[in-house]
Amino acid sequence: MKIYHYTTLETLALILKNRTLRFNNVKNMNDPEESVTEDFKSSLQNYTFISCWTQNPEESIPLWQMYSNSAHGVRLESDTSFIHFDGNETNINGVNIVVQNVQKSFDCLEKAKFILLRQTNDNGDCHYHKVKYSNEKRIFKEDISKNNIEQFKFNATEAFATKNKHWEFEEEIRFILLGSNCEDVKMDDNWQYFYNRILDKKPFSANSVYLHLKDDFFENLRITIAPCMNEGEKVLMASLIHNFGLNEKIIENSKLNMRGEK
């Protein structure tokens with residue numbers, strides 16, 4: 001499935017240089033209600049890392065403004081099939097894996113493990129989530145009367161891929177990594193048991209983690225230049241194309257007409 005990511009020139013430069021994709025900690029997202037429910041408040045945010053895209057192929061003025069330096073950056077076009085998660089430890093249902101190609105560049109992540117949260121839908125098992133938009137807040141456990149965490153019934157998609165209806169215009173596709181500082185974490189018959197164990201552990205101090213990208217991501221990458229990009233920014237864009245050996249044919253100008261900052 002085609003997906004699109006609005007970002008800045010600086011972030012594009014880092015993606016090309018380091019060949020990595022940043023997963024932001026949910027607590028740093030612009031929606032403070034991310035992964036917050038009436039059941040667990042904000043306790044889940046420290047362990048949740050997300051890469052956000054949109055499935056809308058049409059250019060979005062709000063997304064240009066919000067995520068691309070006021071429409072001075074770029075929009076990346078890729079495909080869900082080019083975002084790879086390597087792992088050799090799965091649960092018995094094969095739904096989730098411990099991801100091996102996460103960059104562990106910080107001391108606090110040296111012994112950390114990251115689990116890819118997958119989704120099973122009508123089309124089978126996939127490694128991304130279509131965000132659901134709802135005003136319902138009590139979405140993590142089914143029976144609010146129980147106070148023993150081991151008894152809670154979890155719905156992963158509802159808890160980690162639900163946003164308020166105010167954000168519905170984003171039409172978001174997201175990839176989700178769940179982290180744990182526990183060295184001895186093993187995949188059990190479902191990720192819920194794993195998550196029960198990390199809630200009492202020390203949360204990560206890192207604001208983000210990075211996923212190593214494979215060659216096919218860059219071989220199939222397309223880039224749209226933001227509608228308000230000025231001449232100086234276009235010089236920087238041309239420098240990135242040259243320095244990283246990109247084919248100029250993958251670059252196209254925005255089809256929108258917007259007035260940039262004076």
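Buried means under 20% relative accessible area. The model discussed here is predicted.

Q: Is strand β1 largely enclosed or open, and how many of its six residues are buried?
A: Strand β1 covers residues 2-7. The rest of the structure largely encloses β1, because the buried residues among its six number five.

Q: Why is the pair of Y6 and W64 given its class?
A: Planes over 60 degrees apart count as edge-to-face. The ring centres of Y6 and W64 lie 4.9 Å apart, and their planes stand at 90°, so the class is edge-to-face.

Q: How many residues apart are Y6 and W64?
A: Y6 belongs to strand β1, while W64 belongs to helix α2 (residues 61-67). The pair therefore links distant parts of the chain, and the separation is 58 residues.

Q: Are Y6 and W64 buried or exposed?
A: The cut-off for buried is under 20%. Y6 has a relative accessible area of 6%. W64 has 0%. Y6 is buried, and W64 also counts as buried.

Q: Why is the pair of F85 and F175 given its class?
A: Planes under 30 degrees apart count as stacked, and those over 60 as edge-to-face. The planes of F85 and F175 are at 40°, with ring centres 6.0 Å apart, so this pair is tilted.

Q: Where do F85 and F175 lie, and how many residues apart are they?
A: F85 sits in the loop between β4 (74-79) and β5 (97-98). F175 sits in strand β13 (residues 172-180). The pair links distant parts of the chain, with a separation of 90 residues.

Q: What relative accessible areas do F85 and F175 have?
A: Both fall under the 20% cut-off. F85 is buried at 12%. F175 is buried at 0%.

Q: Which residues do ring pairs link into a cluster with F85?
A: F85 contacts several residues beyond its neighbours within four places in sequence, including F23, F175 and L177. Ring pairs build the cluster from F85 together with F23 and F175.

Q: How many residues has the largest nonpolar core?
A: Among the residues with the most contacts inside this core are F23, F85 and M237. Helix α1 (residues 9-18) gives the largest share, four residues. The core has 42 residues.

Q: How many residues are in the second, separate core?
A: Its members include I50, A159, F160 and L178. The count is ten.

Q: Which strand pairs with β2 over five bridges?
A: Strand β2 spans residues 20-25, and its partner spans residues 208-212. L21 has L211 as its bridge partner. The sense is antiparallel, and the partner is β14.

Q: Which strand do two bridges join to β2?
A: N24 stands opposite I50. The joined strand covers residues 48-54 and runs antiparallel to β2. That strand is β3.

Q: Which ring does the charged end of K163 sit over?
A: The charged end of K163 is 4.6 Å from the ring centre. The ring belongs to W167.

Q: What percentage of the protein's residues count as buried?
A: The protein has six helices and 16 strands. It has 262 residues. The share that count as buried is 50%.

Conventions:
Residues are numbered from 1 along each chain as its sequence is written. This is a predicted model: local features need pLDDT of at least 70, side-chain atom pairs count only at pLDDT 80 or more; totals for chains, interfaces and linings use all residues. Side-chain values use heavy atoms; hydrogens and water are left out. Rings of Phe, Tyr and Trp (its six-membered ring) pair if their centres lie within 6.5 Å; planes under 30 degrees apart count as stacked, over 60 as edge-to-face and the rest as tilted. Buried means under 20% relative accessible area, exposed over 50%, partly exposed in between (1.4 Å probe, protein chains only). A charge sits over a ring if NZ of Lys or CZ of Arg is within 6 Å of the ring centre and within 35 degrees of the ring normal. Two strands pair if DSSP finds at least two bridges between them. A nonpolar core is a set of buried Ala, Val, Leu, Ile, Met, Phe, Trp, Tyr and Cys residues joined through side-chain atoms within 4.5 Å. Contact means heavy atoms within 4.5 Å.
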